[in-house]
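Subject: Handing over a structure

Hi,

Here is the structure I promised to pass on to you. Please have a look at it first, and then read on for what I found.

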Amino acid sequence: MHLHDLHRNYGPVVRIGPNELHFSTAEAYKDIYHHGSKFLKDEGFYEMFGESLGSFGTVDPVFHRTRRDTMNPLFSRRAILKFESSIRARANQLMQVLSSKQGQLIDLSSAFRAMTLDVIYDYIYGEDAGAISCPDFEHPIISNTEAVNVGAGVQRHMSIVVRQSSLPDFIRRRIVMSIFPDLIKVIETRAIEFFERKAKVQLADEGETILSRIVDIENPFLQSLIEETQTLTFAGTDTVANACFTGCFYVHSDPEILKKVRGELKEAWPDPNMDLPYDTLEKLPYLTAVIKESLRLSHGVPVGLLRVVGPDSAVVGGYQVPQGTIVSVGATFMHWNPQVFPEPFKFNPDRWLQEQTRELDTYLVPFSRGPRQCIGMNLAWCELFLILGHLFRKLDIEIKDLTIQDMQDIRFYFVSVLAGAKHLRGIVKGALA
């Protein structure tokens, strides 16, 4: 929020570091993150993740392109449609678990994370993480990830001090967070088990997974495989769950919106006991508008993703910027732009049903843009339609202990969390016919 104050006071570009500029305009966003951009990731920022051998953390464009080329076929729309039955099965499982807790106060934030963790775990390893089945959805990865996100906010500004490769665990635990090394160890151990088994035998009936494809095509170093699983696990769990959290809260907090989305779903899906495919759900205009508005207000990764101007100087947002300058635009400067989204803090699905929807889509950047945009976009869209479609069609939920003011009191670490680490909680009142 401080950056927004700076831009209000000083204009569309502010210097926020010795060699770093932050911009606030859509023009600058397009200049920095367009598909043909040759700007590299800033090594000083991305080294904090300790994942230089994975697709997210690497600043090497050649390695990034190679790894993305390896994984892209599994994240294509065609591949996601093949995986749809697995996602739908987990959505049905989640609805059954929530229904079984009728009348109880449920942590819906953790429930959504359980769903997304089970989905991405299956796609990484071909196995079930069992998060939906955990009592109160308290899977170790879920219960620790939020603390890691908060710690990443510290590490983001102290990367030179707390970078993973330079400090022993007992010091890093005190500076950042006690559970981070333990959580990474869980993910690392699972990747090692997969690597060792894969090296011995490929089961005849084993379907292709992200890791099996990387191993088959690249024969990578073990550390590269570990780092890729870390990225996929965190990215595949939190951002979609946050959008579900946001959509669930705002829809159930507004009777008119809830009535509209339920009416549309009931007409397209008269029998909730039957399956409705993703390609039918995604054609429902009001549900689509709800999901886009949920993404707009949950942001994905809200902070500016740092890029280095090069190989020559460049024009960014109308300003000539020297080669080597670090530049960025945070997603909130797109999603909260009042000229594009009047009353930007209001959850208003109707804004996506107007004639200028295509123009609005250019300002919706929860997955970033350009050559380094999120590889899992197709998977995320499928999850969002299946999770929220099932939720709004099948369950009558009453939200508890969270207000619109709470939803707007956001802390921006690497991903956004509510102040006080508040969660969305609710009570399932019954099933919908």
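Please keep in mind that this is a predicted model.

The buried residues of α2 are covered by several elements, including β2 (20–23), β5 (307–308), β6 (314–316), β8 (326–328) and α16 (332–335). Which residues of α2 are buried? Within this helix, which spans residues 26–33, they are Ala26, Ala28, Tyr29, Ile32 and Tyr33. Because their arc around the axis is only 155 degrees, they sit on the same side of α2.

Some of those covering strands belong to an open sheet of five strands, ordered β1-β2-β8-β5-β3 with mixed pairing. The edges are taken by β1 (13–17) and β3 (40–41); each has a single partner strand, so one side of each has no neighbour in the sheet. Further in, β5 and β8 run antiparallel and are joined by two bridges. Val308 has Ile326 in β8 as its bridge partner. Helix α2 packs on this sheet, where it touches β2, β5 and β8, and its direction makes about 125 degrees with that of β8.

- Glu228 pairs with Arg67, with the closest N and O atoms 2.6 Å apart. Glu228 is in helix α12 and Arg67 in helix α4 (residues 61–71), so this pair ties together parts 161 residues apart in sequence. Both residues are buried, and together with Glu218 they are linked in a network of salt bridges.
- Arg90 pairs with Asp128, the closest N and O atoms being 3.8 Å apart. Arg90 is in helix α5 (residues 77–100), while Asp128 is in the loop between α6 (108–125) and α7 (140–157). Arg90 is buried at 10% relative accessibility, whereas Asp128 is partly exposed at 44%.
- Lys260 pairs with Glu256 at 3.7 Å between the closest N and O atoms. They are four residues apart in helix α13 (residues 255–268), which means about one helical turn separates them.

Helix α12 (residues 222–253) also contains Thr237. Thr237 is buried, at 2% relative accessibility, and its contacts include Arg113, Thr116, Leu117 and Ile120.

Cys374 is in the loop between α17 (357–361) and α18 (377–394). It is partly exposed, with a relative accessible area of 32%, and Cys374 touches Arg68 and Phe367.

Enjoy exploring!

Best wishes

Key. Residues are numbered from 1 along each chain as its sequence is written. This is a predicted model: local features need pLDDT of at least 70, side-chain atom pairs count only at pLDDT 80 or more; totals for chains, interfaces and linings use all residues. Side-chain values use heavy atoms; hydrogens and water are left out. Buried means under 20% relative accessible area, exposed over 50%, partly exposed in between (1.4 Å probe, protein chains only). The arc is that of the directions from the helix axis to the C-beta atoms. Contact means heavy atoms within 4.5 Å. Two strands pair if DSSP finds at least two bridges between them. Axes are lines fitted to C-alpha atoms, for helices over the stretch in contact, and angles run from 0 to 180 degrees between N-to-C directions. A salt bridge is a side-chain nitrogen of Lys or Arg within 4 Å of a carboxyl oxygen of Asp or Glu. Lists of a residue's contacts leave out its neighbours within four places in sequence.
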